[in-house]
Amino acid sequence: MQQVQVCIVGGGCVGLALALGLAKHNVSVMVLDAGPEPQPLNEAYAARVSAISLASQSLFESLGVWDAIKAQRATAYRKMSVCDADSFGRIQFNAQQLALPELGHIIENDAIRYALYQALQQHSQASLMFGSRYQSIHQTDSDVLITLEQGMPVMAKLLVAADGANSGVRSQFKLPISFWDYDHHAIVATIKTEQPHDATARQVFLPEGPLALLPLSDPHTHSIVWSTAPEHARELMAMDELSFNKALSAASDLLCGLCTVQGERAVFPLTMRYAQQWLTGKVVLMGDAAHTIHPLAGLGMNLGLKDAAHLIKALSGESEEFASHRTLREYERSRKLDAQKHIAMMQGLKELFSGSHPLKKLVRGVGLNVVDNLGPIKDLFVQQAIGE
C-alpha cells in the first residue's frame, strides 16, 4: 500500500498546478490520470489554448514554472478589443495606459501541462501515475482508500477531484450539480490572417454568439473560439475549407483581413455546470469538476487555477490537523461564491449580446461606448480581464 497526504484524480493543468504547489510545501501527493503523460508541443499549434490572466501568471511564478511555460510559444497580449457586430459599441483596453507590461498571455494548454509535469518530476514528494485508473474509492472519517485497476491500494488523507466536467469522482459520491445548456457549440481552430494581430485579443459579438480571435506567437496566426447556435455550428463544420474561410472572414468583420484556417476544426457543446456541494468527508472538487462556464471571457482555466491557489494556501498553512473539515469548508465556501459570481456574470453577458432586437442593439451600443469612455467603470472591466 502506498500512503500520501493528497491524491489528485486528474492530471490536467489545474490538478498538476495543485500537485506542484503542495509538493513545494512538503506535502506528499499522488496524481492519477487515465491518459498518457504530457508531451512537448508539436510544430503545429494545438487547438486548445487559454487566456492566462496576470493572477494565474503569479501562481505559475510562485510554482517556479513561468519561465518554462513562456518558453513554449506563450504570447503576451497588450490590447483587448471588444465590439458588437450588430451595433456601434466598442471597448478597448491598452496595457500601456494601465502601466502594465501586458494584459495576459495566450498559451496552449499542452504547454502548461508539460511545464508542470517536468517540474513535478523533480520532486520526491510527488508520484505521477499516468495511464492509471482507479477501480474504487472508499473513505472513512479520517482517510480515503483508492484502489487502482492494477490492484495497488493508495491511502490518502484527502482526495481531490480535478477530473474534468464529467467528473467520475463527483458522480460516484453523488454530489448534486446544477446545469443548463448554453445553447451554443464552440468551434476551435488555428487560423492565419492577412494582417498581423498586433498583440491584440479581439472579441466580436455576433447575433448568434461571440467570436474570439486570440493572438499566437506567429504575428499572423490566431486561435479562434467561435461560439454559436448548434445548427449554425453544424453548418460551419460541414463547410469545405474555402467556404469556412469566407464565413469566418465575414464574421470577423475583416478586423485582421481575410482568414485562412490551418489544420483541423473541432467543435464541442457548451454547458454551464455548478456543483451545489464541493465537499463530502475527505473528498473535495476543484476546477471543471466543480464548475464550467461559457468561454466568452476566457475565464474557465483561470477560475480553476484560483481553486488550486486557494487550496495550496489553505492546506500548506495548517498547523494542526491536515485537511481539517474547517479548512475544507472554508475552501468550499469561498470558491463557490467566486464561481457563482462569474457564472452569473457570463450568463448576463450572453443574454445581453444574444439576438438582434433593436432595443438590445441600442443598449449594447450605448453601453459599450459608455464603458469605453468612463474610467472607473472601464477599470472594473480591466480588473476582471486580468484576473484580479
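How close do the axes of H1 and helix H4 (residues 109–120) come, and at what angle do they cross? Keep that in mind for the first of these views, which come from a predicted model.

**View 1. H1 alongside H4.** The two axes come within 9 Å and cross at roughly 25 degrees. Angles under 35 degrees count as roughly parallel, so that's the label for H1 and H4. The crossing is left-handed. On the H1 side, look for Cys-13, Leu-16, Ala-17, Ala-19 and Leu-20. H4 meets them with residues including Ile-112, Arg-113, Leu-116 and Tyr-117.

**View 2. H1 alongside H8.** Here H1 pairs with helix H8 (residues 300–316), their axes coming within 9 Å and crossing at roughly 20 degrees. These two are therefore roughly parallel as well, but this crossing is right-handed. H1 brings Cys-13, Val-14, Ala-17, Leu-18, Gly-21 and Leu-22 to the contact. Among the H8 partners are Met-301, Gly-304, Leu-305 and Ala-308.

**View 3. The largest nonpolar core.** This core has 98 residues, and Val-6, Phe-60 and Ile-146 touch the most other members. Helix H1 (residues 13–24) turns up again, giving the most to the core with nine residues. Domain 1 (2–42 + 110–179 + 272–346) and domain 2 (72–107 + 182–271 + 356–386) each supply at least three residues to this core. Apart from it sits another core, of 17 residues, including Leu-206, Leu-213, Leu-236 and Phe-244.

**View 4. Around Val-6.** Leaving out residues up to four places away in sequence, Val-6 touches Leu-22, Val-27, Ser-28, Val-29 and Met-30, among others. Its neighbours also include Ala-156, Leu-158, Val-160, Leu-315 and Phe-322.

Definitions and conventions. Residues are numbered from 1 along each chain as its sequence is written. This is a predicted model: local features need pLDDT of at least 70, side-chain atom pairs count only at pLDDT 80 or more; totals for chains, interfaces and linings use all residues. Side-chain values use heavy atoms; hydrogens and water are left out. A nonpolar core is a set of buried Ala, Val, Leu, Ile, Met, Phe, Trp, Tyr and Cys residues joined through side-chain atoms within 4.5 Å. Buried means under 20% relative accessible area, exposed over 50%, partly exposed in between (1.4 Å probe, protein chains only). Helices (H or I, at least four residues) and strands (E, at least two) are DSSP runs, numbered from the N terminus. Domain bounds come from an automatic or database domain assignment. Contact means heavy atoms within 4.5 Å. Axes are lines fitted to C-alpha atoms, for helices over the stretch in contact, and angles run from 0 to 180 degrees between N-to-C directions. Angles under 35 degrees count as roughly parallel, over 145 as roughly antiparallel, 65 to 115 as roughly perpendicular and the rest as oblique. A crossing is left-handed if the near helix is turned anticlockwise from the far one by less than a right angle, and right-handed if clockwise.
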